[in-house]
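Please look through the sequence and the structure below before reading on. The paragraphs that follow lead from the overall layout to the core, then to one helix and the ligand.

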Amino acid sequence: MPYIHLPRSVIQERGFILAVNISIHFKGDTMKHTKSKTFSDRLHESAKEIWKRNHSHPFVQAIGNGTLPEHKFAYYLKQDYIYLMDYSKLFALGVIKAHNVETMAKFAEILNETIQIEMDIHRQYALEFGITSKQLEDTEPTPTTLAYSGYMLNAAQHGTLADLIACLLPCAWDYYEIGLLLKERNGKDLDNNRYSKWIESYSSPEFGEAHKWLITLLEELTEGMPEKELQRLEKHFLVTSRYEYLFWDMVQNEQDWPL
Ligand SMILES: Cc1ncc(CN)c(N)n1
(Lines give C-alpha, C1' and ligand atoms only; values in the text may rest on other atoms or scores of the structure.)
Protein backbone atom coordinates (compact mmCIF):
# COMPACT_ATOMS: atom_id res chain seq x y z
CA MET A 1 0.00 0.00 0.00
CA PRO A 2 1.63 3.27 -1.06
CA TYR A 3 2.08 5.61 1.89
CA ILE A 4 3.21 9.19 1.62
CA HIS A 5 4.01 11.12 4.77
CA LEU A 6 4.29 14.82 4.15
CA PRO A 7 6.58 16.48 6.70
CA ARG A 8 5.24 19.18 8.99
CA SER A 9 4.50 22.20 6.90
CA VAL A 10 4.26 25.60 8.39
CA ILE A 11 1.72 27.95 6.98
CA GLN A 12 2.06 31.65 7.58
CA GLU A 13 -1.38 33.16 7.84
CA ARG A 14 -1.89 36.84 8.53
CA GLY A 15 1.09 36.98 10.85
CA PHE A 16 0.17 33.82 12.78
CA ILE A 17 1.96 30.55 12.41
CA LEU A 18 -0.32 27.60 11.90
CA ALA A 19 1.44 24.23 12.13
CA VAL A 20 -0.22 21.36 10.28
CA ASN A 21 0.68 17.66 10.05
CA ILE A 22 -0.87 15.90 7.09
CA SER A 23 -0.60 12.21 6.23
CA ILE A 24 -2.09 10.98 2.97
CA HIS A 25 -2.90 7.27 2.63
CA PHE A 26 -3.72 5.68 -0.74
CA LYS A 27 -5.86 2.58 -0.45
CA GLY A 28 -7.07 1.25 -3.78
CA ASP A 29 -8.61 4.34 -5.33
CA THR A 30 -9.65 5.93 -2.03
CA MET A 31 -7.53 8.62 -0.44
CA LYS A 32 -7.66 9.44 3.28
CA HIS A 33 -6.36 12.68 4.81
CA THR A 34 -5.52 12.44 8.50
CA LYS A 35 -4.88 15.69 10.32
CA SER A 36 -2.96 15.15 13.52
CA LYS A 37 -4.60 16.31 16.74
CA THR A 38 -3.98 19.86 17.81
CA PHE A 39 -3.88 21.00 21.44
CA SER A 40 -7.33 22.56 21.08
CA ASP A 41 -8.64 19.19 19.77
CA ARG A 42 -7.23 17.62 22.95
CA LEU A 43 -8.95 20.25 25.13
CA HIS A 44 -12.25 19.82 23.33
CA GLU A 45 -12.03 16.05 23.67
CA SER A 46 -11.24 16.16 27.38
CA ALA A 47 -14.15 18.51 28.16
CA LYS A 48 -16.59 16.66 25.87
CA GLU A 49 -18.69 15.07 28.63
CA ILE A 50 -18.95 18.33 30.62
CA TRP A 51 -20.00 20.30 27.53
CA LYS A 52 -22.61 17.64 26.70
CA ARG A 53 -24.13 18.27 30.15
CA ASN A 54 -24.03 22.03 29.49
CA HIS A 55 -25.82 21.58 26.17
CA SER A 56 -28.55 19.42 27.65
CA HIS A 57 -28.99 21.53 30.79
CA PRO A 58 -32.70 22.34 31.40
CA PHE A 59 -31.94 26.09 31.51
CA VAL A 60 -30.23 25.97 28.10
CA GLN A 61 -33.00 23.79 26.64
CA ALA A 62 -35.66 26.19 27.95
CA ILE A 63 -33.93 29.18 26.30
CA GLY A 64 -33.92 27.15 23.07
CA ASN A 65 -37.63 26.36 23.04
CA GLY A 66 -38.65 29.67 24.61
CA THR A 67 -40.26 28.13 27.72
CA LEU A 68 -37.87 29.63 30.26
CA PRO A 69 -39.84 31.68 32.84
CA GLU A 70 -38.97 35.37 32.56
CA HIS A 71 -37.99 35.75 36.21
CA LYS A 72 -35.35 33.03 35.70
CA PHE A 73 -33.97 34.78 32.63
CA ALA A 74 -33.89 38.08 34.57
CA TYR A 75 -31.93 36.32 37.33
CA TYR A 76 -29.49 34.99 34.70
CA LEU A 77 -29.12 38.44 33.07
CA LYS A 78 -28.07 40.05 36.34
CA GLN A 79 -25.52 37.40 37.32
CA ASP A 80 -24.22 37.10 33.78
CA TYR A 81 -23.81 40.86 33.47
CA ILE A 82 -21.43 41.10 36.41
CA TYR A 83 -19.73 37.90 35.25
CA LEU A 84 -19.16 39.59 31.85
CA MET A 85 -17.69 42.66 33.54
CA ASP A 86 -14.96 40.43 35.00
CA TYR A 87 -14.67 38.33 31.82
CA SER A 88 -13.96 41.59 29.91
CA LYS A 89 -11.12 42.32 32.32
CA LEU A 90 -9.43 39.11 31.17
CA PHE A 91 -9.20 40.62 27.68
CA ALA A 92 -7.65 43.73 29.25
CA LEU A 93 -5.10 41.43 30.90
CA GLY A 94 -4.62 39.86 27.48
CA VAL A 95 -3.53 43.29 26.18
CA ILE A 96 -1.02 43.51 29.03
CA LYS A 97 0.36 39.99 28.50
CA ALA A 98 0.41 40.05 24.67
CA HIS A 99 3.76 39.79 22.92
CA ASN A 100 3.06 42.00 19.91
CA VAL A 101 0.92 44.93 18.81
CA GLU A 102 -1.38 42.87 16.57
CA THR A 103 -2.32 40.59 19.49
CA MET A 104 -2.77 43.60 21.79
CA ALA A 105 -5.14 45.19 19.28
CA LYS A 106 -7.20 42.01 18.91
CA PHE A 107 -7.62 41.59 22.68
CA ALA A 108 -8.69 45.25 22.88
CA GLU A 109 -11.17 44.66 20.03
CA ILE A 110 -12.78 41.65 21.75
CA LEU A 111 -12.91 43.57 25.04
CA ASN A 112 -14.75 46.38 23.28
CA GLU A 113 -17.13 43.98 21.48
CA THR A 114 -17.97 42.26 24.77
CA ILE A 115 -18.90 45.55 26.44
CA GLN A 116 -20.57 47.19 23.43
CA ILE A 117 -22.29 44.23 21.76
CA GLU A 118 -22.62 41.17 24.02
CA MET A 119 -23.42 43.14 27.17
CA ASP A 120 -25.78 45.39 25.19
CA ILE A 121 -28.01 42.39 24.40
CA HIS A 122 -28.21 41.90 28.20
CA ARG A 123 -29.01 45.62 28.69
CA GLN A 124 -31.76 45.46 26.06
CA TYR A 125 -33.39 42.35 27.58
CA ALA A 126 -33.04 43.86 31.06
CA LEU A 127 -34.88 47.02 29.93
CA GLU A 128 -37.75 44.84 28.64
CA PHE A 129 -37.93 43.33 32.13
CA GLY A 130 -37.82 46.74 33.84
CA ILE A 131 -34.21 46.35 35.05
CA THR A 132 -31.91 49.35 34.52
CA SER A 133 -28.23 49.15 33.50
CA LYS A 134 -27.33 50.50 36.93
CA GLN A 135 -29.25 47.67 38.60
CA LEU A 136 -27.44 45.17 36.38
CA GLU A 137 -24.06 46.61 37.35
CA ASP A 138 -24.92 46.73 41.04
CA THR A 139 -25.91 43.05 41.19
CA GLU A 140 -24.32 41.21 44.12
CA PRO A 141 -22.49 38.10 42.91
CA THR A 142 -23.66 34.71 44.14
CA PRO A 143 -21.05 32.22 45.47
CA THR A 144 -20.82 30.57 42.02
CA THR A 145 -20.37 33.85 40.09
CA LEU A 146 -17.77 35.02 42.58
CA ALA A 147 -15.87 31.72 42.51
CA TYR A 148 -15.94 31.47 38.69
CA SER A 149 -14.77 35.06 38.06
CA GLY A 150 -12.26 34.83 40.90
CA TYR A 151 -10.71 31.65 39.49
CA MET A 152 -10.27 33.16 36.03
CA LEU A 153 -8.94 36.49 37.21
CA ASN A 154 -6.49 34.84 39.61
CA ALA A 155 -5.14 32.40 36.99
CA ALA A 156 -4.93 35.15 34.36
CA GLN A 157 -3.19 37.63 36.65
CA HIS A 158 -0.62 35.19 37.99
CA GLY A 159 -0.20 32.99 34.93
CA THR A 160 0.99 33.32 31.35
CA LEU A 161 -0.97 34.43 28.30
CA ALA A 162 -1.64 30.73 27.60
CA ASP A 163 -3.12 30.30 31.12
CA LEU A 164 -5.39 33.26 30.47
CA ILE A 165 -6.61 31.85 27.16
CA ALA A 166 -7.13 28.36 28.59
CA CYS A 167 -9.40 29.91 31.26
CA LEU A 168 -11.59 31.98 28.96
CA LEU A 169 -11.72 29.68 25.94
CA PRO A 170 -14.61 27.48 27.22
CA CYS A 171 -16.70 30.66 27.80
CA ALA A 172 -16.33 31.83 24.21
CA TRP A 173 -16.30 28.40 22.56
CA ASP A 174 -19.03 26.58 24.48
CA TYR A 175 -21.48 29.52 24.21
CA TYR A 176 -20.94 29.50 20.44
CA GLU A 177 -21.62 25.74 20.34
CA ILE A 178 -24.76 26.30 22.46
CA GLY A 179 -25.90 29.12 20.15
CA LEU A 180 -25.45 26.93 17.06
CA LEU A 181 -27.15 23.95 18.67
CA LEU A 182 -30.21 25.94 19.80
CA LYS A 183 -30.50 27.61 16.41
CA GLU A 184 -30.25 24.31 14.58
CA ARG A 185 -32.84 22.61 16.84
CA ASN A 186 -35.29 25.49 17.15
CA GLY A 187 -34.52 27.60 14.08
CA LYS A 188 -37.99 27.43 12.56
CA ASP A 189 -39.72 28.52 15.80
CA LEU A 190 -37.38 31.39 16.63
CA ASP A 191 -39.94 34.04 15.55
CA ASN A 192 -42.08 33.01 18.51
CA ASN A 193 -39.23 32.67 20.95
CA ARG A 194 -38.68 35.58 23.32
CA TYR A 195 -35.00 34.59 23.61
CA SER A 196 -34.32 34.51 19.84
CA LYS A 197 -32.05 37.59 20.01
CA TRP A 198 -29.88 35.76 22.57
CA ILE A 199 -29.72 32.66 20.35
CA GLU A 200 -29.04 34.66 17.17
CA SER A 201 -26.23 36.61 18.77
CA TYR A 202 -24.40 33.62 20.29
CA SER A 203 -24.71 31.63 17.04
CA SER A 204 -23.51 34.51 14.85
CA PRO A 205 -20.27 34.20 12.86
CA GLU A 206 -19.09 37.44 14.50
CA PHE A 207 -19.37 35.88 17.98
CA GLY A 208 -17.74 32.66 16.72
CA GLU A 209 -14.74 34.60 15.46
CA ALA A 210 -13.37 35.32 18.96
CA HIS A 211 -12.90 31.71 20.02
CA LYS A 212 -11.40 30.79 16.63
CA TRP A 213 -8.82 33.54 17.02
CA LEU A 214 -8.10 32.44 20.62
CA ILE A 215 -7.57 28.85 19.43
CA THR A 216 -5.11 29.97 16.74
CA LEU A 217 -3.17 31.97 19.31
CA LEU A 218 -3.21 29.13 21.84
CA GLU A 219 -1.88 26.68 19.22
CA GLU A 220 0.95 29.09 18.52
CA LEU A 221 1.76 29.58 22.23
CA THR A 222 1.71 25.85 23.03
CA GLU A 223 3.94 24.80 20.13
CA GLY A 224 6.74 22.70 21.73
CA MET A 225 5.46 23.36 25.27
CA PRO A 226 6.40 20.70 27.87
CA GLU A 227 3.63 18.23 28.78
CA LYS A 228 3.55 19.46 32.40
CA GLU A 229 2.58 22.95 31.26
CA LEU A 230 0.03 21.60 28.80
CA GLN A 231 -1.55 19.70 31.67
CA ARG A 232 -1.83 22.91 33.70
CA LEU A 233 -3.63 24.60 30.77
CA GLU A 234 -5.89 21.59 30.36
CA LYS A 235 -6.79 21.83 34.05
CA HIS A 236 -7.83 25.49 33.61
CA PHE A 237 -9.92 24.53 30.60
CA LEU A 238 -11.68 21.76 32.53
CA VAL A 239 -12.23 23.89 35.65
CA THR A 240 -13.87 26.73 33.72
CA SER A 241 -15.90 24.21 31.67
CA ARG A 242 -17.20 22.87 35.00
CA TYR A 243 -17.90 26.40 36.20
CA GLU A 244 -19.99 26.90 33.04
CA TYR A 245 -22.10 23.95 34.18
CA LEU A 246 -22.34 25.29 37.73
CA PHE A 247 -23.41 28.68 36.35
CA TRP A 248 -26.33 27.12 34.41
CA ASP A 249 -27.31 25.21 37.53
CA MET A 250 -27.04 28.30 39.71
CA VAL A 251 -29.41 30.34 37.49
CA GLN A 252 -31.79 27.40 37.04
CA ASN A 253 -32.14 27.07 40.82
CA GLU A 254 -31.73 30.80 41.53
CA GLN A 255 -29.07 29.89 44.07
CA ASP A 256 -27.78 32.64 46.33
CA TRP A 257 -26.00 32.99 49.65
CA PRO A 258 -27.82 30.91 52.30
CA LEU A 259 -27.31 33.66 54.91
C1 LIG B 1 -21.20 32.40 32.29
C2 LIG B 1 -20.95 32.80 30.87
N3 LIG B 1 -20.01 32.14 30.16
C4 LIG B 1 -19.75 32.56 28.87
C5 LIG B 1 -20.41 33.59 28.29
C6 LIG B 1 -20.16 34.00 26.87
N7 LIG B 1 -19.31 35.11 26.82
C8 LIG B 1 -21.37 34.24 29.06
N9 LIG B 1 -22.11 35.27 28.58
N10 LIG B 1 -21.66 33.83 30.36
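**A walk through the model**

The protein has 11 helices and three strands, where helices (H or I, at least four residues) and strands (E, at least two) are DSSP runs, numbered from the N terminus. From the N terminus on, the order of these elements is β-β-β-α-α-α-α-α-α-α-α-α-α-α. This is a predicted model, in which local features need pLDDT of at least 70, side-chain atom pairs count only at pLDDT 80 or more, and totals for chains, interfaces and linings use all residues. Residues are numbered from 1 along each chain as its sequence is written.

How confident is the predictor? The mean pLDDT, the predictor's confidence in each residue from 0 to 100, is 90 for the protein, and 87% of its residues reach 70 or more. Over residues 1–30, however, pLDDT stays under 50. The model as a whole scores ipTM 0.99 and pTM 0.87.

Of the 259 residues in the protein, 29% are buried; a residue is buried if 20 or more other C-beta atoms, placed from the backbone, lie within 10 Å of its own C-beta atom. In soluble globular proteins, nonpolar side chains tend to be buried together. A nonpolar core here is a set of buried Ala, Val, Leu, Ile, Met, Phe, Trp, Tyr and Cys residues joined through C-beta atoms within 7 Å. The largest such core has 53 residues, and those with the most contacts inside it are I165, L168, L169, A172, L214 and L218. Its largest share, 14 residues, comes from α8. Leaving aside neighbours within four places in sequence, L214 is in contact (C-beta atoms, placed from the backbone, within 7 Å) with I165, L169 and A172.

Now follow α11, whose 26 residues should span 38 Å at 1.5 Å a residue, the expected span being 1.5 Å times one less than the number of residues. The end C-alpha atoms of α11 are 38 Å apart, which agrees. The buried residues of α11, among them H236, E244 and F247, pack against α1, α2 (48–55), α3 (58–64), α4, α7 and α8. Just after α11, E254 takes a positive phi of about 45°.

Which residues are around the ligand? They are D80, Y83, L84, C171, A172, Y175, E244 and F247, each with its C-beta atom, placed from the backbone, within 6 Å of the ligand. The elements giving two or more residues to this shell are α4 (70–97), α8 (161–186) and α11 (227–252). By class, the shell has six nonpolar, no polar and two charged residues, with Ala, Val, Leu, Ile, Met, Phe, Trp, Tyr, Cys and Pro counted as nonpolar, Asp, Glu, Lys and Arg as charged, and the others, Gly among them, as polar.

Terms used. Buried ≥ 20, exposed ≤ 12 C-beta atoms within 10 Å, placed from the backbone. Contact = placed C-beta atoms within 7 Å.
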